[in-house]
Amino acid sequence: MSIMQKIICAGLLFIITISTGIWLNSSGRPLNALIFNIHKLTAVAAVIFTAVLIRGLLKNAEIRTFILALIIISILLVLVLFVSGALMSTGKPVSGILVAVHGAATVFTVIAASAAVVLLTLGRR
């Protein structure tokens, strides 16, 4: 699989994860088990696939402090996403702040991880 195919695959996994998250949010309580499980599994797949992609790109690229910072930020944001997602799935009433944190962390994770992949890809040339 070429680098571009891996990037597209990771992007599609993020799109599916975000789409199912929006669908899950709009479907109300109690959470639809099928949508919830698709969301969780695609989220885990997106994180693993992107981590493997970045690891492969790191082998052939010069590591700069900015890229390392983006990777660390992405990892921390993924942890925020997993924790906030777990808290929202407990069945208890969900705070608007928690939903906002989960949404913002999603946006910033996509930005940071995408920027890291792009910069690492450009560094390979």
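1. Let us start with Thr20, which counts as buried because its relative accessibility is 7% (buried means under 20% relative accessible area, exposed means over 50%, and partly exposed lies in between, with a 1.4 Å probe and protein chains only). Thr20 is found in helix α1 (helices are DSSP runs of H or I with at least four residues, strands are runs of E with at least two, and both are numbered from the N terminus). Leaving out residues up to four places away in sequence, Thr20 touches Ile35, Ile38, His39 and Thr42 (a contact means heavy atoms within 4.5 Å). The C-alpha atoms of Thr20 and Ile38 are separated by 7.2 Å, although the two residues are 18 residues apart along the chain.

2. Before going on, please keep in mind that this is a predicted model, where local features need pLDDT of at least 70, side-chain atom pairs count only at pLDDT 80 or more, and totals for chains, interfaces and linings use all residues. Residues are numbered from 1 along each chain as its sequence is written, and side-chain values use heavy atoms, with hydrogens and water left out.

3. Asn37 sits in helix α2, and its relative accessible area of 35% makes it partly exposed.

4. The C-alpha trace spans about 50 × 30 × 15 Å along its principal axes. Of the 125 residues, 28% are buried. Among contacts with a separation of 6 or more, 74% come from residues 24 or more positions apart.

5. Between α1 and α2 there is a loop, and Pro30 has its place there. A cis peptide bond joins Arg29 to Pro30, with omega at about -10°. You can look for this bond in the structure above.

6. Two packed helices are described by the angle between their axes and the distance between the axes. For helix α2 (residues 33-59) and helix α3 (residues 65-88), the axes come within 12 Å and cross at roughly 170° (axes are lines fitted to C-alpha atoms, for helices over the stretch in contact, and angles run from 0 to 180 degrees between N-to-C directions). That makes α2 roughly antiparallel to α3 (angles under 35 degrees count as roughly parallel, over 145 as roughly antiparallel, 65 to 115 as roughly perpendicular, and the rest as oblique). On the α2 side, Ala43, Val44, Val47, Ile54 and Leu58 make the contact, and on the α3 side Ile71, Val78 and Phe82 do. By class, these residues are eight nonpolar, no polar and no charged (Ala, Val, Leu, Ile, Met, Phe, Trp, Tyr, Cys and Pro count as nonpolar, Asp, Glu, Lys and Arg as charged, and the others, Gly among them, as polar).

7. How do α1 and α4 run, and at what angle do their axes cross? The axes of α1 and α4 come within 12 Å and cross at roughly 180°, so these helices are roughly antiparallel to each other. Ile3, Ile7, Phe14 and Ile18 of α1 meet Thr106, Val110, Val117 and Thr121 of α4. This contact of α1 with α4 has six nonpolar, two polar and no charged residues.

8. Two serines of α3 deserve a look. Ser74 lies in this helix and counts as buried because its relative accessibility is 8%; apart from residues up to four places away in sequence, Ser74 touches Thr109, Ala112 and Ala113. Ser84 also has its place in α3 and is buried, at 3% relative accessibility. Leaving aside neighbours within four places in sequence, Ser84 is in contact with Leu98 and His102.

9. Finally, the largest pocket has a volume of about 800 Å³ (a pocket is an open set of points on a 1 Å grid over the protein atoms alone, where a 1.4 Å probe fits, with protein on both sides within 12 Å along at least five of seven lines; lining residues have an atom within 4 Å of a point). Grid points are joined across faces, edges and corners, and the volume is the space filled by probe spheres set on the points. The lining has 31 residues, with Gly21, His39, Gly85, Met88 and His102 nearest the centre. Helices α1 (3-26), α2, α3 and α4 (96-123) are the elements that each give two or more residues to this lining. By class, the lining has 18 nonpolar, eleven polar and two charged residues.
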